[in-house]
Amino acid sequence: MSIPVRTALVSTAGHCQVACGFCFRADRAHGFLSTATYTRTLSRLKEAGVEAVCLTGGEPTHHPQLRQLVRLAHQFGMTVSMVTSARTVAEVVVLSQVAHLLANVTVSADSRGAMRLGRTTRTAASAVDTLRAISTGIKILHVICWDVSDGECQDLASLVSKAKVGVQFSPVVLDERALRRDGTSVQDYLAQQQLDADMLGRHFRLSDRYRTYLDELRDLQLSVTRGERWSCRSAAAYVSADGHIRRCPYGQTAVSVHAPRAAIREFLTTPAQDQVTPDCAALCRPSASPDDSGTSCPAPA
């Protein structure tokens, strides 16, 4: 069954300085998305019924024409959001200059266990500092979780409550190669995801979407080990920094934004041909309804 594409995740840059050890980006490269390619992309996406774009990276605040990217999307009648890891003064200044033009801003962070695993320094506290410094309607802290503790959850609940920001959670998603590298079995990996969800559930009201997502990740991981594959059910498109549209960053099929209009429209309106992997499932939550943001909130004391 064909799922209408209504949103697009746009990679503004092919590189990222954070370089998480568990990064699931599929198209690392050098260079930025050109405004000419981006403009053509918006035109083709609009013709196919896409209503909103989310600017991501690499790091979108590094794009030299970021404000123009946002303005161009508005000219096509699209809402614009952003996912960022902005922490430095320069990054936050750039973000603050466009924040009022964005429907929402999500700042990524990692739990302490995820920071150890991925060798990152993206703390939740520094992410909240970024959110406090900008003016936008909806502010979301997105935390990638691994081996979370009771004390860490208490601190996080207090942090988001005081800052009055939304919070979303994602588990660390590891592919088979990463599991072998870390010497972790699939069973232990899935058990840790469930332990983290149970711990988070003591301090936050986890949405049904999140728990369903964990179930899907578990079933998907087990199906992969059995050699099974699921068909892609993505309701979003992905645009790489070099101007290729996919139904998933990991998709094997793509169409250039310079292809004929008919070819692009057909690509976006016909059923996706790709198979789902744990990597792309980290980005796509196919069971989610369009009006379900999946934002969690602190549970009452």
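A salt bridge is taken here as a side-chain nitrogen of Lys or Arg within 4 Å of a carboxyl oxygen of Asp or Glu. With that cut-off in hand, the structure, which is a predicted model, can be searched as a whole, and six salt bridges are found. One of them joins Glu-47 to Arg-44, with the closest N and O atoms 3.9 Å apart, and this pair counts because the distance falls within 4 Å. Both residues belong to helix H1, where they lie three residues apart, about one turn of the helix. Arg-44 counts as buried at 8% relative accessibility, whereas Glu-47 is partly exposed, with a relative accessible area of 34%.

Glu-47 also meets the side chain of Arg-261 in a salt bridge, at 2.8 Å from N to O. Since Glu-47 lies in H1 and Arg-261 in helix H10 (residues 261-269), this pair ties together parts that are 214 residues apart in sequence. Arg-261 is partly exposed, its relative accessible area being 49%. A further salt bridge brings together the side chains of Asp-147 and Arg-116, at 3.6 Å from N to O. Here too distant parts of the chain are linked: Asp-147 sits in the loop between strand S5 (138-145) and H6, and Arg-116 in helix H4 (residues 112-118), 31 residues apart. Asp-147 is partly exposed at 39% relative accessibility, while Arg-116, at 56%, counts as exposed. Through shared partners, salt bridges join Arg-44, Glu-47 and Arg-261 into one network.

Stepping back to the overall fold, the secondary structure of the protein comes to 11 helices and 13 strands. Nine strands form an open sheet of mixed pairing, in the order S6-S5-S4-S3-S2-S1-S9-S10-S11. Its edges are strand S6 (166-171) and strand S11 (255-256), each of which pairs on one side only. Within the sheet, strand S3 (residues 79-84) and strand S4 (residues 104-110) run parallel and pair over four bridges, with Thr-84 opposite Val-107 in S4.

In H2 (66-75), the buried residues are Leu-66, Leu-69, Val-70, Leu-72 and Ala-73. Viewed down the axis of H2, these residues fall within an arc of 160 degrees, so they line one face of the helix. They pack against helix H1 (35-47), strand S2 (52-56), S3 and H3. Just after H2, Gly-77 adopts a positive phi of about 75 degrees.

Helix H3 (residues 89-98) buries Glu-91, Val-92, Leu-95 and Val-98. Down the axis of H3, the buried residues span an arc of 130 degrees and so line one face of the helix. Val-89 and Ala-90, on the other side of H3, are exposed. The cover over the buried residues of H3 includes H2, S3, S4 and helix H5 (124-132).

Of the 301 residues of the protein, 50% count as buried. The largest nonpolar core has 62 residues, and those with the most contacts inside it are Tyr-38, Leu-141, Phe-169 and Ile-245. Helix H6 (residues 150-163) gives the most to this core, with six residues. A second, separate core of 13 residues includes Leu-174, Ala-178, Tyr-189 and Leu-217. Leu-141 touches, among others, Val-107, Ala-124, Val-128, Leu-156 and Val-167. Among contacts in the protein with a separation of 6 or more, 72% involve residues 24 or more positions apart. The accessible surface comes to about 13,800 Å², of which 52% belongs to carbon and sulfur atoms.

Definitions and conventions: Residues numbered from 1 in each chain as written. Predicted model: local features only at pLDDT ≥ 70, side-chain atom pairs only at ≥ 80, totals over all residues. Heavy atoms only, no water. Pairing = 2+ DSSP bridges. Helix = DSSP H or I, 4+ residues; strand = E, 2+ residues; numbered from the N terminus. Buried < 20%, exposed > 50% of the residue type's maximum accessible area, 1.4 Å probe, protein only. Arc of directions from axis to C-beta. Contact = heavy atoms within 4.5 Å. Areas by Shrake-Rupley, 256 points an atom, 1.4 Å probe, with all protein chains shown as cover. Core = buried A, V, L, I, M, F, W, Y, C linked by side-chain atoms within 4.5 Å. Lists of a residue's contacts leave out its neighbours within four places in sequence.
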